[in-house]
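Thanks for coming, everyone. Have a look first.

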Amino acid sequence: NHFPFCAQMSTSFNPQILASMLPVDSQQAYLRSVASASAHQEQQPQQRMHILVVSDIRNGLEKIHMLSDWVVSKSVPLDLILCPGDFSELLTEEQSVIERYLAAEGDASAALAELENILTRVVYVPGNHDAWTLLGMEKPSKVFPVQMRNERTPRLTPHSKNVHMTAMRLAPKLVIAGLGGSGPSVSGEWEGYPYEDEEQIESLL
């Protein structure tokens with residue numbers, strides 16, 4: 001039920017707000033420098049970043065094939081594919097079963113490889129139905145504080161980057177930061193993993 005969408009992104013800011021944060025004697029000089037830079041930028045073609053966001057694949061490789069056909073047929077310009085999980089359908093109680101979480105790693109690898117057939121620049125974070133190994137955890141535990149480190153996460157494919165617990169600069173004024181997993185839904189529809197409440201998530205931000 002999740003159809004991926006394409007988003008055009010550009011960055012902007014209000015120089016008056018930033019200037020108000022500076023000492024009074026520095027504000028006019030700052031605004032003059034911004035005006036000069038803006039005049040130069042107006043002479044340059046506007047730059048946009050085209051990002052394809054693909055979520056909740058959940059082993060649906062055939063949907064990625066359909067997506068690939070759509071991108072080609074529509075000649076969609078792309079600079080980046082962003083995937084916020086889930087690649088698999090792993091249940092919380094299956095996280096400690098070695099056969100299941102290794103299979104979930106395989107599901108993620110397969111999905112990422114298919115996305116790389118569309119574009120060889122894929123950035124992702126794992127979801128709450130993905131293997132605990134993708135979250136850089138020492139073990140599949142929900143006892144906080146959970147120790148998570150990005151350098152523990154496996155490299156699944158040549159052209160994908162897991163940004164869980166780290167940040168990545170996409171453009172001079174555009175940075176993306178990742179935090180994988182999920183807390184429980186507000187409606188109680190699903191259980192969170194590896195977080196049990198919003199406070200645990202906020203403690204990592």
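One definition before we start: buried means under 20% relative accessible area, and exposed means over 50%. Keep in mind that this is a predicted model.

Now, helix α3. This is residues 61-73, so 13 residues by the DSSP runs. From first C-alpha to last, α3 reaches 19 Å, close to the 18 Å expected at 1.5 Å a residue.

Which residues of α3 are buried? Ile64, Leu67 and Val71. They cover an arc of only 55° around the axis, so they sit on the same side of α3. Turn to the other side of α3, and Met66, Asp69, Val72 and Ser73 are exposed.

What do the buried residues of α3 pack against? Two elements: β2, residues 49-53, and α4, residues 98-116. Following α3 comes Ser75, with a positive phi, near 50°.

The largest nonpolar core has 33 residues. Within this core, Ile57, Ile81, Phe87, Leu115 and Ile118 touch the most other members. Two or more residues each come from α3, β3 at 80-83, α4, and β4 at 122-124. The most come from α4, which gives 6 residues.

Take Ile81 as a close-up. Leaving out residues up to four places away in sequence, Ile81 touches Leu52, Val54, Leu115, Ile118, Leu119, Arg121, Val122 and Val123.

Next, a single serine. Where is Ser185 found? In the loop between β7, residues 174-178, and α5, residues 198-202. Is Ser185 buried or exposed? Its relative accessible area is 11%, under the 20% cut-off, so Ser185 counts as buried. A polar atom of the Ser185 side chain lies 3.1 Å from the backbone nitrogen of Trp190.

Last, the whole chain. The protein chain has 5 helices and 7 strands. From the N terminus, the order is β-α-α-β-α-β-α-β-β-β-β-α. The chain has 205 residues, and 39% of them count as buried.

What about contacts along the sequence? Take those with a separation of 6 or more: 67% of them are between residues 24 or more positions apart. The accessible surface comes to about 12,100 Å², and 53% of this belongs to carbon and sulfur atoms.

That's my tour. Over to you.

Technical notes:
Residues are numbered from 1 along each chain as its sequence is written. This is a predicted model: local features need pLDDT of at least 70, side-chain atom pairs count only at pLDDT 80 or more; totals for chains, interfaces and linings use all residues. Side-chain values use heavy atoms; hydrogens and water are left out. Helices (H or I, at least four residues) and strands (E, at least two) are DSSP runs, numbered from the N terminus. Buried means under 20% relative accessible area, exposed over 50%, partly exposed in between (1.4 Å probe, protein chains only). A polar contact is a pair of N or O atoms within 3.5 Å; within protein, one must be able to donate a hydrogen and the other to accept it, and residues adjacent in sequence count only if both atoms are side-chain atoms. The expected span of a helix is 1.5 Å times one less than its number of residues. The arc is that of the directions from the helix axis to the C-beta atoms. Contact means heavy atoms within 4.5 Å. A nonpolar core is a set of buried Ala, Val, Leu, Ile, Met, Phe, Trp, Tyr and Cys residues joined through side-chain atoms within 4.5 Å. Accessible areas come from the Shrake-Rupley method with a 1.4 Å probe; for residues, only the protein chains shown count as cover.
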